[in-house]
Every structure is written in C-alpha cells, then in structure tokens.
Amino acid sequence: MKKIMMLGAVLIASSLANEGGVEKVGFLTTESCAKAGALTDCRLENYFCGSDGCYGQTEAGVNKNEPLVLFSHNDGVIYKLETVEAIRGTMDKGINRNEVTIVGEFDASSNTIVVSEFKAPPPPKKSFFKGCL
C-alpha cells in the first residue's frame with residue numbers, strides 16, 4: 001500500500017511539472033540565418049552582431065546578443081527562444097548544431113519558448129584518417 005501511494009505521488013508531481021511545458025529538438029541558430037535557410041552555413045558573426053559582414057560596421061568587442069531560435073525539423077517551424085542570462089551562457093556549446101533539445105513553456109501567441117532547460121548533443125568524435133587521398 002505504501003509503494004502504491006509513493007508511486008501515485010511521483011506520478012502527480014511529474015504531471016504537474018510537465019503541465020504546459022514543451023520539449024523541442026532541432027537546429028539552434030539565429031533568426032536571420034533560419035529565415036535565410038542558411039543553417040549550417042551561418043557565419044559566426046551572425047551570433048554577435050546580426051548579419052554577414054556586420055563586423056565592418058560594429059564596434060570591436062560589442063556583443064549585441066542576437067536572439068536565438070530553434071528550427072524544428074519535425075514541425076518545420078522556427079521557434080523564438082526567450083532565455084535568462086544563466087541559460088544563454090550555457091547555450092554556446094549548442095550553437096550551429098543539430099539535435100539540440102530545448103525544454104520550457106510555450107507561448108503560442110508569439111511562437112516563443114521560454115527556456116528552462118537546454119541539452120546539447122555530445123561533440124563529434126575525433127577521427128583519424130589513414131591512407132591516400
């Protein structure tokens with residue numbers, strides 16, 4: 001009886017924690033790169049000042065913190081991401097990578113996910129090539 005009550009409490013707690021939450025997997029990039037369809041070809045400067053070639057017009061060392069988006073391959077939708085500073089700092093390891101998982105609250109009116117958790121895939125394994133080209 002005690003085990004059944006414990007299991008019931010765990011199920012109720014997990015259902016309350018996931019209420020209204022969403023988990024999406026996709027490609028983490030900037031809005032300008034996602035709209036242009038340049039997912040893997042997005043230049044690094046887009047993440048700091050917003051467009052290709054913007055370093056010529058931007059003062060050195062100024063980071064504009066361009067908003068990040070998640071392009072979901074399953075849905076074909078670009079989700080805007082609202083992050084707090086602590087989570088945004090950890091998201092750097094997932095930028096310009098596929099299979100990034102975002103967990104948070106979804107606001108359908110603005111198509112925005114308020115990020116509460118971020119999971120990046122492991123980095124690619126190093127490989128060694130032996131042989132002729």
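Two strands are taken to pair if DSSP finds at least two bridges between them, and strands (E, at least two residues) are DSSP runs numbered from the N terminus. The structure is a predicted model, in which local features need pLDDT of at least 70 and side-chain atom pairs count only at pLDDT 80 or more, while totals for chains, interfaces and linings use all residues. Residues are numbered from 1 along each chain as its sequence is written, and side-chain values use heavy atoms, with hydrogens and water left out.

Strand 1 and strand 2 run antiparallel and are joined by 4 bridges; within this pairing, L28 has L70 of strand 2 as its bridge partner. Strand 1 is also joined to strand 4 by 6 bridges, again in an antiparallel arrangement, and here E23 is partnered by V103 of strand 4.

The largest nonpolar core comprises 17 residues. Such a core is a set of buried Ala, Val, Leu, Ile, Met, Phe, Trp, Tyr and Cys residues joined through side-chain atoms within 4.5 Å. Residues with the most contacts inside this core include L28, L68 and F118. Strands 1 to 5 each give two or more residues to the core, and the largest share, 3 residues, comes from strand 5. L68 is in contact (heavy atoms within 4.5 Å) with residues including L28, Y47, L81 and M91, not counting residues up to four places away in sequence.

S72 lies in strand 2. This residue is classed as buried because its relative accessible area is 2%.

Note on methods: Buried means under 20% relative accessible area, exposed over 50%, partly exposed in between (1.4 Å probe, protein chains only).
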